[in-house]
Amino acid sequence: MNWLWAIIVGLILGVIARAILPGKQAIPLWLTTVFGVIGAIAGNAVASGIGVDDTKGIDWIRHILQLAGAVAVVALGTPLYDGMRGHKKRSPR
């Protein structure tokens, strides 16, 4: 059942990350979920590294690190996806 929670959390974090980032992220929902899962895994790794992955009560620091990881992955992954799809950023005229 852990994989199901990873997908659900990834979807939620990916959508929140897209909302936080300025501009339009032209990535599909499935890729948003994948980026969210990757960001959550990265946030968990950082939380484990600094020793705040499992605390009493709600793990707010871990959740914030997961969201920060999702924002970073969406911010870095969106231009990569656009480049792979052949979309070039147009300069304003």
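**Core and overall build**

The largest nonpolar core of this predicted model has 12 residues, namely Leu13, Ala17, Leu21, Ile27, Leu31, Phe35, Ala40, Ala70, Val71, Val73, Val74 and Tyr81; such a core is a set of buried Ala, Val, Leu, Ile, Met, Phe, Trp, Tyr and Cys residues joined through side-chain atoms within 4.5 Å. Buried means under 20% relative accessible area, exposed over 50% and partly exposed in between, with a 1.4 Å probe and protein chains only. The elements that give two or more residues to this core are helix 1 (2-20), helix 2 (29-50) and helix 3 (60-85), and the largest share, 5 residues, comes from helix 3.

Residues are numbered from 1 along each chain as its sequence is written, and side-chain values use heavy atoms, with hydrogens and water left out. Because the model is predicted, local features need pLDDT of at least 70 and side-chain atom pairs count only at pLDDT 80 or more, whereas totals for chains, interfaces and linings use all residues.

**Chain as a whole**

- The protein chain has 3 helices and 0 strands, where helices (H or I, at least four residues) and strands (E, at least two) are DSSP runs numbered from the N terminus, and the pattern along the sequence is α-α-α.
- The C-alpha atoms fill a box of roughly 55 × 25 × 20 Å, taken along the principal axes, and 32% of the 93 residues count as buried.
- Among contacts with a separation of 6 or more, 61% are accounted for by residues 24 or more positions apart, contact meaning heavy atoms within 4.5 Å.
- The accessible surface comes to about 6,600 Å², of which 69% belongs to carbon and sulfur atoms; accessible areas come from the Shrake-Rupley method with a 1.4 Å probe, and for residues only the protein chains shown count as cover.

**Helix 2**

- The 22 residues of helix 2 should span 32 Å at 1.5 Å a residue, and the end C-alpha atoms are 31 Å apart, which agrees; the expected span is 1.5 Å times one less than the number of residues.
- Buried residues of helix 2 include Leu31, Phe35, Gly36, Gly39, Ala40, Gly43 and Ala47, and the buried residues of this helix pack against helix 1 and helix 3.
- Gly49 lies in helix 2 but is exposed, with a relative accessible area of 65%, and just after the helix Gly51 takes a positive phi of about 85°.

- Leaving aside residues up to four places away in sequence, Phe35 touches Ile27, Ala70, Val73, Val74, Gly77 and Thr78.
- Thr78, in helix 3, is buried at a relative accessible area of 7%, and its C-alpha atom is separated by 7.1 Å from that of Ala26, 52 residues apart along the chain.
- Gln66, also placed in helix 3, is buried with a relative accessible area of 7%, and, not counting residues up to four places away in sequence, touches Leu13, Gly39, Ala40, Gly43 and Asn44.

**Nonpolar surface**

- A nonpolar surface patch of about 850 Å² is made by Trp3, Leu4, Trp5, Ile7, Ile8, Val9, Ile12, Ile16 and Ile20; patches are made of residues with over 30% relative accessible area and no salt bridge, with like charges joined within 9 Å and nonpolar side chains (Val, Leu, Ile, Met, Phe, Trp, Tyr) within 5 Å.
- A salt bridge is a side-chain nitrogen of Lys or Arg within 4 Å of a carboxyl oxygen of Asp or Glu.
- Trp3 has its place in helix 1 and counts as exposed at 60% relative accessibility.
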